[in-house]
Every structure is written in structure tokens, then in C-alpha cells.
Amino acid sequence: MAGKMKRSKTMSEGKADLVLVLITGLVMLLVAYPLYYVVIASFSNPYDVYAGKTFLLPSGFSLKAYAAVFADATTLRGYLNSVKYTIIGTVFSVVMLYITAYPLAQKDLPGRKALSIFFIITMYFGGGLVPTYLIVKNTGLLNNMWALFLPGGVGVGNMIIVRNYFQNSIPHELIEASEIDGCSKLRTFLSIVIPLSMPIMAVMVVFCMVAYWNDWFTALIYLTDAKMHPLPLVLRNILIKSSASAAQASTISGGYAELNKLTEMLKFSSIVVAAAPMLMIYPFIQKYFEKGFMAGAVKG
């Protein structure tokens, strides 16, 4: 009797697992197919994509879209600028998150609650674009790469996650023991806290990298020199230039429809060009993502 119940339970669990696998596969298909379509469309013949003939495989393999993107000399420069801004901005933001979150995680910090409220208020209230622009301009940061980092150097939402991680995942007794053994607060922070917080650091690195890599609006506002533009802004400008007026289109073989097809292909190739670096980097740090994010999000 017990054997039958055990087999019945095993069969029901197997069916439940099968249903979950099917549901997960369906959701993954719905999420992944649009990205897959963008990739295959970027390698397809513009005319076939425009006619709706591309579905599962590239139709009429073509590199016209990528040739049009990389034919612009500013693309490589935009890549290099984005890499530089992403590296510098990520390091700066993670350092700022740590030096603000760690003190706020200490219960004996004078004025801890008042400081926390001060940071939280900035999540809901801001001066707006014009006052921020005037501050950046008056401090001499206009057309300077530091204008991309300093105004939003501390993401308060991320700082709260890091603070909660310090409170809930690093035993306070360990910190007290290190100080009793003669470690200064700085030595404790560098030798104990940072090595134990690598999972949440990986999460913050991911967040900051993605934010800085995709940021084009800040550069549009503060960087007037085209040589300093990051890749997303460069691709935006390429798309704008590809959208010619009717007078310009009349001089091209095939007229406006021909130009419109190329513009649509530029959109696909631009998405792939901009997203490829992040998609290649993400698998290497994925193992830290869920663990660090969940540990930092728990309220203590």
C-alpha cells in the first residue's frame, strides 16, 4: 500500500514537473523570440524583412545593415567612449555605494535615521532637469565626462540594497571581533567587509554597467562635442541621419520606400550592436546575480 502511494506521489510530482517545464519553456519562448527575431532580421535582406518573410531563419542573408552602421566613422569612436564611460562610471558608482551604505548599516552611527531619511527623500523629489543642468554648467562640468557620473553618482535604491546586505549577511560580531583584535574601521572594511560582500558587489556592477552603457540622454544634455558621444547616442544620430526628407529621398533609386527599408534595417542592427557587449558579459557574472540581489533585498 505504501509502495503504491509512493509511486502515485512520484507520478504526480513528475506530471507537475512536466507542466512547469512546459510553462517555463513557453514563457522563455515568448521572451526570447523578439530578441532572436531582431538578430536574424539584422542579417536578413531588407526587402524580405520589410515584406514579412523573415520568421525563424535569416531570409536572404545580407550585411547591408551592419555595413551601413559601421560605415559611419563615429561608430568605433562611440564604442570606445562607451567602454571608457562604463568602466569609469561603474567603478565610481560602486565605490560611492559602498562608502555610503556601509556607514548607514552601522547601528551606532550618530544621526543614522536622519541621514537615511535624507537619502530616501531624494528618491521621490528632485530639482528637475533645468536646475540640474544649471548646476552642472556653473560647476564647469559641461562637456566633461564627469557630468555623466557626478549628478547621479549614488543610486539610492541600490544603496539601500547594499546597506541591507551589510546588515543581514555580514555578522556584526565578526566586525566587533576584528576591532577587538586591533583592526581599524578602515582595515575591517577593506579586509573583511569587501571580501564577504562580493555577491552584492557583482549585482551592483551589473546594474551600473547596464545603466551607463545604455545611457544616451545624459550625454545628449551635457556633452556638446560629438567626439565625446557614447555609442547609444552615436547610433541615435545615425538613425536620424538615415531618415531623410522627401526631397532627399527623391534623389535615391527607389524613392522614399527604398530609404525607409534601409532605415528599418538600421534599427535592427543598431539594437544588436548596442546590446552585444552586455549580452556577452552577463553570463560570466550571472551566478552572483540572484544570490546577491535576494540577500540585499531582505528587510532587516
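Rings of Phe, Tyr and Trp (for Trp, the six-membered ring) pair if their centres lie within 6.5 Å; planes under 30 degrees apart count as stacked, over 60 as edge-to-face, and the rest as tilted. With that rule, the structure holds 15 aromatic pairs.

Before you click around: this is a predicted model, where local features need pLDDT of at least 70 and side-chain atom pairs count only at pLDDT 80 or more, while totals for chains, interfaces and linings use all residues. Residues are numbered from 1 along each chain as its sequence is written, and side-chain values use heavy atoms, with hydrogens and water left out.

**Stop 1: rings**

Select Y79 and W213. Their rings make a tilted pair, 6.0 Å centre to centre with 55 degrees between the planes. Y79 sits in helix α4 and W213 in helix α10 (residues 198-214), 134 residues apart, so the pair links distant parts of the chain (helices are DSSP runs of H or I, at least four residues, numbered from the N terminus). Both Y79 and W213 are buried, meaning under 20% relative accessible area, with exposed being over 50% and partly exposed in between (1.4 Å probe, protein chains only).

Now pick F118 and F119, an edge-to-face pair at 6.0 Å centre to centre and 75 degrees. Which one is buried and which is exposed? F118 is exposed at 54% relative accessible area, whereas F119 is buried at 18%.

Then select Y33, Y36, Y37 and F268, which ring pairs link into a cluster.

**Stop 2: the largest pocket**

Go to T132, L150, P151, G152 and G153, the closest to the pocket's centre of the 30 residues that line it. Its volume is about 750 Å³. A pocket is an open set of points on a 1 Å grid over the protein atoms alone, with protein on both sides within 12 Å along at least five of seven lines; a cavity is a set where a 1.4 Å probe fits but cannot get out, and lining residues have an atom within 4 Å of a point. Elements giving two or more residues to the pocket lining are α4 (74-104), α5 (112-124), α6 (129-138) and α11 (217-222).

**Stop 3: the cavity**

The search of the whole structure finds 1 cavity of 30 Å³ or more. For the largest cavity, about 60 Å³ in volume, select S82, Y85, T86, L148, F149, Y212, D215, A219 and P230. The largest share of that lining, 3 residues, comes from α4.

**Stop 4: helix α7**

Finish on residues 156-169. Buried residues here include V156, M159, R163 and F166.

Note on methods:
Grid points are joined across faces, edges and corners, and a volume is the space filled by probe spheres set on the points. The expected span of a helix is 1.5 Å times one less than its number of residues.
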